[in-house]
Amino acid sequence: MKRRGTHWAQINEVSFVGGMRLLFAIYRIFGRWPFRLMLYPVIAWYVLAKPSARQASLDFLRQLGRYRNASAGHAAIASIGAKAGGGIGVRGDWFGVMRHFASFGESILDKMMVWGGLFDMASIRQNGRQLLEQDVAAGRGGLLICTHLGNLELCRVVSLQSAAMKLTVLVHTKHARAFNKMLAQLAPDSTLNLMQVTEMSPATAIDLSERVARGEFVVIAGDRIPVSPRPRVSFAPFLGRNAPFPVGPYVLASLLQCRVYLMFSRRTRDGAELDFEHFRDRIVLPRNAREAAFDTLTAAYAQRLQHHCLRAPLQWFNFYDFWHLPAAAADLASPKADHESS
């Protein structure tokens with residue numbers, strides 16, 4: 001496995017957040033279109049000043065193009081592209097990178113609007129929420145596996161609007177202190193349901209198990225490897241290449257012994273959309289076949305992530321080398337993974 005790039009948690013976003021703070025003030029005074037006019041100079045500076053993030057975006061867009069071309073004529077891909085307004089046809093060049101980062105800027109604005117009370121919550125379309133509401137009504141908790149696609153803040157605010165639905169979002173916030181501090185200034189409630197977790201200790205697992213037993217939901221990301229020098233990962237196809245995915249969500253699900261759902265979000269022309277999908281009733285990891293179980297679960301998650309990413313590719317906000325392990329973890333890739341990802 002080639003050693004490439006840095007871990008996502010080492011990416012510092014202070015400079016970008018500083019620019020967004022000013023743009024948010026412009027939005028509040030003048031509206032969205034003046035915000036957009038001022039956004040591109042900020043984006044251009046950030047793209048020029050952050051070569052690793054720029055290259056990651058370019059690599060992603062080009063891989064998207066290769067996957068599109070390899071899948072040309074495939075009915076399912078064509079159908080997704082049509083519904084996304086040709087979204088899978090985004091350009092793999094500097095213009096595409098600028099659009100990608102502009103979408104990121106729009107997403108940050110949406111997050112600030114959400115916690116500032118300026119986002120039209122009625123414009124959020126929720127697909128599959130009844131699945132969770134049935135569990136809530138029955139007093140059953142569960143696990144939600146999310147992704148860095150779209151805007152997770154929407155789901156957190158929706159949960160705060162429902163007294164019966166309680167979420168605990170597991171986060172690693174060290175790399176995003178500036179942004180979280182800014183959210184806290186906009187609304188103290190923005191940190192109410194966050195739990196800082198760098199490593200899953202026995203005490204943390206017991207705490208989460210008690211929350212699920214009370215009928216609450218735990219939210220964990222399924223598309224970023226752990227903040228650890230020895231992360232446990234499984235490789236699965238994503239947009240035509242094998243990528244490392246964390247197995248932590250499935251280990252946690254096996255400990256909690258609860259229903260597991262997937263959660264995706266995306267920004268739309270008239271608001272936003274949240275998708276909740278049933279994933280497993282229970283996850284059991286056989287002692288003698290754990291790796292095979294991880295491979296199966298990771299592949300199933302990656303397939304659904306790919307489906308939603310193709311619907312809104314410019315809302316995929318993992319600005320690091322997604323298909324390679326960071327240098328500190330590269331030695332841990334299995335020979336099978338090394339062969340398949342080369």
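A search of the whole structure finds 17 salt bridges, a salt bridge being a side-chain nitrogen of Lys or Arg within 4 Å of a carboxyl oxygen of Asp or Glu. The structure is a predicted model, in which local features need pLDDT of at least 70 and side-chain atom pairs count only at pLDDT 80 or more, while totals for chains, interfaces and linings use all residues. Residues are numbered from 1 along each chain as its sequence is written, and side-chain values use heavy atoms, with hydrogens and water left out.

One of these salt bridges joins arginine 32 and aspartate 110, at 2.9 Å from N to O. The pair links distant parts of the chain, since arginine 32 belongs to helix H2 (residues 32-49) and aspartate 110 to helix H5, 78 residues apart; helices here are DSSP runs of H or I with at least four residues, numbered from the N terminus. Both residues are buried, that is, under 20% relative accessible area, where exposed means over 50% and partly exposed lies in between (1.4 Å probe, protein chains only).

Helix H5 (residues 94-115) has 22 residues and should span 32 Å at 1.5 Å a residue, which agrees with the 32 Å between its end C-alpha atoms; the expected span is 1.5 Å times one less than the number of residues. Of its 22 residues, 19 are buried, so H5 is largely enclosed by the rest of the structure.

Within helix H9 (residues 202-213), aspartate 207 and arginine 211 are four residues apart, about one helical turn, and they form a salt bridge with the closest N and O atoms 3.1 Å apart. Aspartate 207 is partly exposed at 26% relative accessibility, as is arginine 211 at 21%.

Notes
Helix = DSSP H or I, 4+ residues; strand = E, 2+ residues; numbered from the N terminus.
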